[in-house]
Amino acid sequence: MANDLVTRRSSEAVDVSNEAAQQYVTVFVANQMFGFPVLDVHDVLGPQRITRIPLSPPEVAGSLNLRGRIVTAVDMRRRLSLPPAEEGTGKGMSVVVECQGELYSLMVDQVGEVLNLSHEAFEHNPSTLDPMWREVSSGIYRLDKQLLVLIDVDRLLDFSRSQAA
Amino acid sequence: MDDLLSEFLTETVENLGTLDVEIVRLEQNPNDPSLLGNIFRLVHTIKGTCGFLGLPRLEAVAHASENVLGRFRDGELEVTPQAVTLILASLDRIKMIVSVLEQTEAEPEGQDGDLIAALDAMAAGETTATIATTAAPEPEPALEAAEAADAGMDDSISSEIGTRPGEVSLDELEAIFQSTPGPEDAPAAPVPAATPAPAPVAKPAGNDLVAKNGGGMTSAETADSAVANQNIRVSVELLENLMTMVSELVLTRNQLLQIMRRYKDSEFTVPLQRLSQVTSELQDGVMKTRMQPIGNAWAKLPRIVRDLAHELGKKIDLKMLGADTELDRQVLELIKDPLTHMVRNSADHGIEGIADRLAAGKTDTGTITLNAYHEGGHIIIEISDDGRGLNIEKIKQKVVQNGLASEAELEGMPLQQIQQYIFKAGFSTAAQVTSVSGRGVGMDVVRTNIEKIGGTIELNSREGKGSSFTIKIPLTLAIVSALVVACRGERFAIPQISVVELVRASNNSEHQIEKLNNVPVLRLRDRLLPLVSLAKMLNLDDQPAEAGSDSFIVVTQVGTYTFGIIVDKVFDTEEIVVKPVAPILRSISLFSGNTILGDGSVIMILDPNGIAAATGEIGVAQDENRADAIATEIMASRTRTSLLIFRAGDENPKAVPLALVARLEEIDCNKMEWSDGRPVVQYRGRLMPLVPIVPGYEVKRSGHQPVLVFADQDRSMGLMVDEIVDIVEDRIEINMKTERPGLMGSAIIGGKATEVVDAGYYLQQAFADWFDAESQQEVTANQIGKRVLLVDDSPFFRNLLTPLLTVAGYDVTTADNASTALAYCEEGRDFDVIVSDIEMPGMNGFDFARAVRGGRWQEVPMVALSSHTSAKDLDRGRDAGFNDYVAKDDRDALLQTLSQSISVA
């Protein structure tokens, strides 16, 4: 899976030069589409063996070994205050992102395609958006059939905010 | 540039960078004591170093800022933006001076009077009297004689110092300095050059040195280039990276090996073995690059001590033993400052002035001894002096003054515990603040630093005789050996270093977990071990424990506090590489890190310190009192015994040690039979006599009769009682003796006056009266009339065993301590066998055995009687001269062993 992404990244590298468009890795959590800037994403992983960490904040699902590095797994449903996944739904995929030198594996239901999105489709967060989502989202992209919530990785992984909220 | 100066500059620039950040943080956070402490230390370090390098302008500015910071720290001055601005201004001044120093190797001309006056005014803004209550951290004197990478000549000097165990007097040192041409000369020269006006702490000795070695420059340069060919400078960072990579390699290797175990005869086997071997060698090699002799950390000490001695008018001899003991660079760095601080303390506060020494009947020269050696994966460093020792009265005063404890509390404290107060923050008994010490950021920092690297520090001081500190630290931090345990299906690693032993606990084994008001405890040998359930601690309790009621107890020691961690399973020990946990998890104090095991899974490393703290043993690190209290409690519990409380005959509660009672039975009175006017009952195919507690005891004729069954060999005896009340754990301390047969006396048990029953008496009654003939047959002829010497400090055991042994046919003599026993030896008395307790006040059993073996009784068989019966204890006992080792409560084994020992002899 990881390889998949790398080839796609390189084949579409040309488009990055286009300033109007940005590339995003799309993921689905509870049927909502979210996007991460493609350059923030290190890996896309299938289901992993995760070591639970007792006493950890609820968002932390555990930690896993990614090629010799210890990566903290974050349950996106918990992080976004979404209901836990029903049994058997979703393949349990993860995207690995880096934040302040640490790797985090964000557990999502499914990883979609990499999309080129133009600035024209970009909107700021609607004022009525749930404050928790507003906190971690840097904006919304209008797609044909759905909306994509753009995730700000640094803020997503700044747990002190969520605890304060 | 001068090595000393360049090291000082690097360090100062680094510190200044940190300071800028910290002071700004302070402004936002004016009440953060740790922040304040940190800033204070940094400035103090700069100041201290200046003093040693002779940079008076820098020192003056730093000293003035330090005074203001000291007032902040003690809460006597408010952190206002104006104050912060002033501090920042003085930092800027320091920076300015430092940058000129960097370019010209000399302090710039100029006056700082205005700045210093402003700082002093601020410091004096309120009362001025209390500065005296604080003391100093480690001024970094930057006299690094042996920068390792600089190798060559520097090393030769330091090793020369190091390899003269205990013989480096000041004169000799000077001789070495003089006779050694080398880069050392070069560094020394520019120092005075950089000092336009010598500091008040100027060192005439240093100047002498320079004068004598003025012409050493050229020879030093040639020597240097020759050395340079064989050594290269490698940045520490590079080595650290290498080490990290090798650690990763080791982990991957382990992983591969684990996989390969599943595939036999694969073509990968041979290359993998080779890889494995190379990896191990590489690991060793890289580890070695990190190992440095501890002498490197000591190298600047002789100079410091010498300068201090001059300054204070004392004569001090510094002995350094084991300077070539190697330890990890990282560890070395971390202990360098604490070590320097402690040596300074010894020189400054410990060693008395010449007049005082002579008055105290000591030689005029005080001695500070540093000793380092390896001991089982640890390095031990001892720092001792023969000075005045800790002044207990002063400490007490200070404790009361700082509100740490009341006078009444202090009265009840053992000396050792009072001494521990010197490890508290802000605690200095130095009467006045000098430019080098007395500000109270001393021993607490030392201890914190040592504990940070998993070490411990112990203090031993005798007033008038001197003090000694013992530091125990791990050799390396990078790779540790850890015990892998499981709890509710999750695996965790516990650093092997804090694991004392493993105990398997189950309902049908010797060890079982008991509950005291739902708090689990374990009786381990002769002490009661507090237990913590890992599942409960980690909130894993909602999941069912795995099948089977067996659990394991990891007996863990943190400082003086020993406790057990209950886990479900214990796996292997594994070498692990400690990796820090993700920032989000750092707040969980129970984990010290995480790692990847050979099978590729991630595992959390438990922090015994954190667990101890979480058990309510709050701050084992910070709060020695509680740990001590627990330790004392544990000591007290050593003499505790489980007692069965019952009533019989009258209303008074009676007690008998539970260990002696084989079973509790209710006998149907219809089955009770009478023989010769005494009740008997058929019990397990034999006749069991039922003994009344007092003659004329009214035996029940109907219903059920509760009976305590005492079993001895294959015979049993029942003691008839009215009611079984309780089982309690308490100390038996006979307060009142009694003449009444069958009673040992009265004791307070569970808050009530209780009669302690002499089980031996009833055994004797039953056996002597009823089984006389039979027991005579059973007693093998060889033990009749044999003389036994029973040495035990506990009157209870003496009283218990004496009748038992007498019944078995021995002639018993008792002694309540080892000295009495040895006195019998001198009196010319002879015994056929000696039975001795191990834990006794004064001379313990091991020493007693050695004493016996060295004297007239060397052929007499000896049997040790102890509640410790592990293989290790056994070996220890054998080494000391015991022929055999018997558990205290196992009477059958004792009788058997005695009879064997005698027949062998």
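This is a predicted model: local features need pLDDT of at least 70, side-chain atom pairs count only at pLDDT 80 or more; totals for chains, interfaces and linings use all residues.
Residues are numbered from 1 along each chain as its sequence is written, and chains are lettered from A and ligands numbered from 1 in the order in which they are written.

Starting with chain B, the secondary structure comes to 31 helices and 35 strands; helices (H or I, at least four residues) and strands (E, at least two) are DSSP runs, numbered from the N terminus. Chain B has 905 residues, and 40% of them count as buried, where buried is taken as 20 or more other C-beta atoms within 10 Å of a residue's own, exposed as 12 or fewer, and partly exposed as anything in between, with C-beta atoms placed from the backbone. Chain A has six helices and 11 strands, and 33% of its 165 residues count as buried. Contacts (C-beta atoms, placed from the backbone, within 7 Å) can also be split by sequence separation. Among those in chain B between residues at least 6 apart, 68% join residues at least 24 apart; in chain A, residues 24 or more positions apart account for 54% of the contacts with a separation of 6 or more.

Where the chains meet, 21 residues of chain B are in contact with 17 residues of chain A. On the chain B side, the elements giving two or more residues are helix H12 (236-260), strand S17 (591-596) and strand S18 (602-606). That side divides into 13 nonpolar, five polar and three charged residues, counting Ala, Val, Leu, Ile, Met, Phe, Trp, Tyr, Cys and Pro as nonpolar, Asp, Glu, Lys and Arg as charged, and the others, Gly among them, as polar.

The largest nonpolar core has 87 residues, and those with the most contacts inside it are Val25(A), Val95(A), Val108(A), Ala493(B), Ile494(B) and Leu606(B). A core here is a set of buried Ala, Val, Leu, Ile, Met, Phe, Trp, Tyr and Cys residues joined through C-beta atoms within 7 Å. Leaving aside neighbours within four places in sequence, Val108(A) is in contact with Val27(A), Phe28(A), Val29(A), Met76(A), Met93(A), Ser94(A) and Val95(A). A second, separate core of 65 residues includes Val656(B), Val681(B), Leu789(B) and Ala821(B).

On to the sheets of chain B, with strands taken as paired if DSSP finds at least two bridges between them. One open sheet has six strands in the order S10-S14-S15-S13-S12-S11, with mixed pairing. Its edge strands, S10 (499-505) and S11 (513-516), each pair on one side only. The twist averages 35 degrees from one strand to the next, with axes being lines fitted to C-alpha atoms (for helices, over the stretch in contact) and angles running from 0 to 180 degrees between N-to-C directions. S10(B) pairs with S14 (residues 551-558) in the antiparallel sense over six bridges, and Leu502(B) stands opposite Val554(B) in S14(B).

Another open sheet takes five strands in the order S2-S4-S5-S7-S6, again with mixed pairing. S2 (315-321) and S6 (456-462) of chain B stand at the edges with a single partner strand each, so one side of each has no neighbour in the sheet. Twist averages 10 degrees from one strand to the next. S5 (residues 378-385) and S7 (residues 466-474) of chain B run antiparallel and are joined by seven bridges, with His378(B) opposite Pro474(B). Helix H15 (residues 301-312) of chain B lies across S2 and S4 (365-375), running at about 165 degrees to S2(B).

Back to H18 (residues 392-401) of chain B, whose buried residues are Ile395(B), Lys398(B) and Val399(B). These cover an arc of only 105 degrees around the axis, so they sit on the same side of H18(B); the arc is that of the directions from the helix axis to the C-beta atoms. The buried residues of H18(B) pack against helix H19 (407-411) and helix H20 (415-419) of chain B, whereas the face turned away from the buried side carries the exposed residues Glu393(B) and Gln401(B).

How values were computed
Two residues are in contact if their C-beta atoms, placed from the backbone, lie within 7 Å.
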